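Trainee: I would like to go through this model one question at a time. Please show it first.

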Amino acid sequence: MNIDWAALGQVSVVSLVATVAIVGVFTLGIVGTAAKRRPQADGAEGATVTEAPTALARVLASVCFALSAAVVAYGIYLIVA
């Protein structure tokens, strides 16, 4: 039995890069939908103000989630086909 180590290494590197990229894109989607907290202006101890994400942040988060779903669907398609 002969193992093509170069091909195995390429598959491993591409898999690692793709995994890190898709997790990063999904994380950007989560960050885009998260509420922002900041200290209250009057300086009260422990008081924070929560701001909802902007419309642009929600749209970009939706794009990130759609891209993640597309990559997962393509991976399932490659496995099933």
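Trainee: How many Å does helix H2 reach from its first C-alpha to its last?

Mentor: This is a predicted model, so the values are computed from its coordinates. Helix H2 covers residues 55-80, which is 26 residues. At 1.5 Å a residue, 38 Å is expected. The reach in the model is close to that, at 37 Å.

Trainee: What span should H1 have at 1.5 Å a residue, and how far apart are its end C-alpha atoms?

Mentor: Helix H1 runs over residues 5-33. Its 29 residues should span 42 Å at 1.5 Å a residue. The distance between the end C-alpha atoms agrees with this, at 42 Å.

Trainee: In what order do the elements of the chain run from the N terminus on?

Mentor: The chain has two helices and two strands. Read from the N terminus on, the order is α-β-β-α.

Trainee: Which residues of H1 are buried, and what do they pack against?

Mentor: Buried means under 20% relative accessible area. In H1 this applies to Val25, Gly29 and Gly32. The buried residues of H1 have H2 as their packing partner. The names asked for are therefore Val25, Gly29 and Gly32, with the cut-off at under 20%, and the partner is H2.

Trainee: Which residues are buried in H2, and what does their cover include?

Mentor: An α-helix has 3.6 residues a turn, so residues three or four places apart point the same way. In H2 the buried residues are Ala61, Cys64 and Ser68. The cover over the buried residues of H2 includes H1.

Trainee: Is Leu8 buried, partly exposed or exposed?

Mentor: Leu8 is located in helix H1. Together with Met1, Ile3 and Trp5, Leu8 forms a nonpolar patch on the surface, and the four have about 550 Å² of accessible area together. The relative accessibility of Leu8 is 41%, which means that Leu8 counts as partly exposed.

Trainee: What percentage of the accessible surface belongs to carbon and sulfur atoms?

Mentor: Buried residues make up 9% of the 81 residues. The accessible surface of the chain comes to about 6,500 Å². The share belonging to carbon and sulfur atoms is 72%.

How values were computed
Residues numbered from 1 in each chain as written. Predicted model: local features only at pLDDT ≥ 70, side-chain atom pairs only at ≥ 80, totals over all residues. Heavy atoms only, no water. Patch = residues over 30% accessible without salt bridge, like charges linked within 9 Å, V, L, I, M, F, W, Y side chains within 5 Å. Areas by Shrake-Rupley, 256 points an atom, 1.4 Å probe, with all protein chains shown as cover. Salt bridge = Lys/Arg side-chain N within 4 Å of Asp/Glu carboxyl O. Helix = DSSP H or I, 4+ residues; strand = E, 2+ residues; numbered from the N terminus. Buried < 20%, exposed > 50% of the residue type's maximum accessible area, 1.4 Å probe, protein only. Expected span 1.5 Å × (residues − 1). Contact = heavy atoms within 4.5 Å.
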